[in-house]
Amino acid sequence: MQNKPSRSLLTYAIVYLIFLYAPVMLLPLFAFNDSAIIALPLSGFTFHWFGLLWQTKALHEALYNSLMIALITSIGSTTLGIFAARAAARYEFPGKRGIMGFIMVPLVLPEIIVGVALLVVLIQLGMSLSAWTVIIGHVLICTPFSIAILQSAFNNMDRSLEEASMDLGENRIGTFFRVILPLVTPGIISSLLISFTISLDEFIIAFFLTGTDATLPVYIWSQLRFPARLPAIMALGFLMVVLSFILLLTAEYFRRRANRITGNSTSSEESIF
Amino acid sequence: MAKSKEDENSIIVVDNVEKHFGTVTALDGVSLEIKAGEFFSLLGPSGCGKTTLLRMISGFDTPSVGNIYIGGTDMTDVPPNERPTNMVFQSYAIFPHLNVAENVGYGLKKQKLPKDELDRRVNEALALVDLDGYGPRESHALSGGQRQRVALARALIMKPKVLLLDEPLSALDKKLREAMQGELRRLQRNVGITFVLVTHDQEEALTMSDRIAVMFNGKIAQLDTPEGLYKRPATRRVASFIGVMNFIPATVRKSTDSTLSIDIQSLGKLDLATHSRHQAGDKITIGIRPEMLTILYRKEESAEYEFEAIIEGAAYYGDMTYYEIRLIDTDITATVSMRNTAGRPILEIGRKTRVGWGIESITIIADD
C-alpha cells in the first residue's frame, strides 16, 4: 500500500496551514518590532513592548480578573461535567439522549446570542454586572466541553472494576475514591485546563457581562482605539497565544493518558480538537 | 432459616429463585445446594441464566423472588462488600492504576494491617498462584494468563468462604486454558475453598467439577456429577450439550417392574434390565455415546451385538477418528469414535463395515 500523499495534496496542506497560522505569526513579528507603527518593513528587534506591559496597571487588573474568572469557571464547569458525565456513562434514565443533547447545544449557539440573552435575564433578576456574571456565562459555555471530555473518561472505564472493588469489601464511597477518581483524574485535569483556556480567551460574553471588572480580552479591545498602544497589544497577544497553546497541549496529554490508563486504545487517537 | 439445620454441609443454598428483567425471565424457579469445599459448576449456553445466578450469589443482582443463603445466613439483600464471597471476573478487572501487589492487597487495605503483615500476606497469595516476585510489576504489562492469576490471588487473599469464577478461562488460548484448568483444580484442593464456576464449555466443566448444574432457559435441567451427567443424561438436550450422543428411535414392546423390552428399528429386539414408566407401544429414544460403538475391523473380532453400516464420513483428530456411519438399508445415522491405536487403518468413505456394541451402553433418553 502506498501511504505517501500526492504532491498536490501536500501543497494544499501547506497552504491550509499558512492560512490558519499566518495571522497569528504576525503577532510575534510586530511584538518584537522596534516601531510604533504596525507595518512592514520591520525596523529592529526590541523587548520594549513587553516592558511596557509590565508597567501598565490596568492590564494587571484585567489579567487578575481573567485568571480568577477562568479558575472559578474551570472548577465550576468541571464539577458540573463530572456529575453529568458519570450519570450519562452509568445510568439509563428516560429522556437521557434528549437531555444530553440539550446540554451540548451551547457548543454551537452563537456566543453573541448567549451573551445578549444572559444580559437580559441577569438584569431582569436584578443582578449587577461583575466578574460573577462573567463566570456564570463562562460556565455555561465551558460545561459542554467538560462533559465531552469527562464522558469519554467515564465511558472508557470497565464497569467490572467498580464491581471488583465492591466485591473486595470496599463500599461505594471508598470505591469512588480508590478506583473511579484515580482513573478519571487525567480527564478531570484535561477538563480543567480546557475550560480554563476557553474562559481566558473568551471575549463576546465577557464583553456583555463584565461591568467594571474588565477581562483581558475586553481590555485588549478597549485599547485598540489607541494606535500607539497597538505594538504592546501585539506583545500581549503573543503571550496569550503561547499560554493557550501550552494549556491545550497539556490538556491533550492528560486526555490521552486517561484513555491509555483505562485500557481503551481505539479512542486514544481521536482528539476533540 | 428453617432450612439451615438440615443443610449443615451446604455453604450455599439457592431457594426457589426467580429473576425477571422486564418481561424477560432470566431465572425461573432455581433451587440448588452447594456443599462446602466442593468445586461446583454452572454450565449452559449463553443466556441460560448461569451468570445471573452467579451475580446473585456475589450480591451484584438481587432475586425477584426467592432467597439465597450463604453459610446458613440469608444473604439475599446483603451488598457484595459484606458477603463472604469473592469473584474472579471474566475480564479479570485488574485495577490498571495499581501495580500487582497493590491489586492483590486491595481488599486487605481496609483492615489496616501493619505493613510487614500486609506484605507477607500479599507475597503468600502471589506464591499461591506462582507469581512470586511479581508484586512491583505494572498491571498493564501482564499477559492474559498472568492477569488471571493476579485476579485469583486478589480474591483468595480475602479468604472467602466461596470463590466465584465467571468464565475465567474464556479469554485464554486453548493451550493455556487447558493448563489453567488443571491448576485451578489443584488450587481448589489445596485451599479447600468452595469454588463456583460459570462456564459454557462442557469439557471445562467435566474435567474440573465435583458436581455440575446444567442450565437451559433459566432452569436447572440436571444436577449431577460429571460422570452421572455423561452416562445418564436426563433429557435429549442435556445429552447433546454434554459431549456427542447418538439418538436412535425405538418402540416399547413390554414393560415390567424390572425389565423393559424394546424394539430398535433394524437392530432387533432387546431386553433392558431397567424400570420405566413407559407402556407397550410407546415410542422412545435411546442414546448411545460414540465411544460405546466399536468398528469391528477384522473378521475374528466380535461383540455382544453387531450391525452392518456404511462409512459416510471420517474426521481425523490425530489420536481419534470420528466416523459418520449409516445403518445398512436404513436412514439411521450415528457417530462412532475410534482410538487410532497401532494397526487400525483409517476407513475410506463408502466402505461397508461391522459395528459392535453392548447392551450396557444404552441409555433411555426422555424427550424435552
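pLDDT is the predictor's confidence in each residue, on a scale from 0 to 100. This is a predicted model, in which local features need pLDDT of at least 70 and side-chain atom pairs count only at pLDDT 80 or more, while totals for chains, interfaces and linings use all residues. Residues are numbered from 1 along each chain as its sequence is written, and chains are lettered from A and ligands numbered from 1 in the order in which they are written.

**Stop 1: chain A, coloured by pLDDT**

Select chain A, where the mean pLDDT is 83 and 92% of the residues reach 70 or more. Helices and strands here are DSSP runs (H or I, at least four residues, for helices; E, at least two, for strands), numbered from the N terminus. Among the elements of chain A, the lowest mean pLDDT, 76, belongs to helix α2 (residues 48–55). The highest, 92, belongs to helix α7 (residues 159–167) of chain A.

Next select residues 264–273 of chain A, where the pLDDT is below 50. Beyond near neighbours in sequence, this stretch has eleven contacts in the model; a contact means two residues whose C-beta atoms, placed from the backbone, lie within 7 Å. Where pLDDT is low, the predicted coordinates should not be read in detail.

**Stop 2: where chain A meets chain B**

Show both chains: 17 residues of chain A are in contact with 18 residues of chain B. On the chain A side, α7 and α8 (172–201) each supply at least two residues. Helix α7(A) gives the most, with six residues. By class, this side of chain A has eight nonpolar, five polar and four charged residues. Nonpolar covers Ala, Val, Leu, Ile, Met, Phe, Trp, Tyr, Cys and Pro; charged covers Asp, Glu, Lys and Arg; the others, Gly among them, are polar.

**Stop 3: the two domains of chain B**

Select 10–240 of chain B for domain 1 and 246–365 for domain 2; the bounds come from an automatic or database domain assignment. Taken over C-alpha atoms, the centres of domain 1 and domain 2 of chain B are separated by 39 Å. Five residues from domain 1 of chain B and five residues from domain 2 of chain B make the contact.

**Stop 4: a sheet in chain B**

Select strands β15, β19, β16, β17 and β18 of chain B, which form an open sheet in that order with antiparallel pairing. Strands pair if DSSP finds at least two bridges between them. β15 (294–296) and β18 (333–339) of chain B are at the edges with a single partner strand each, so one side of each has no neighbour in the sheet.

Finish on β16 (residues 305–316) and β19 (residues 352–357) of chain B, joined by six bridges. Which residue in β19(B) is the bridge partner of Y305(B)? The partner is W357(B).
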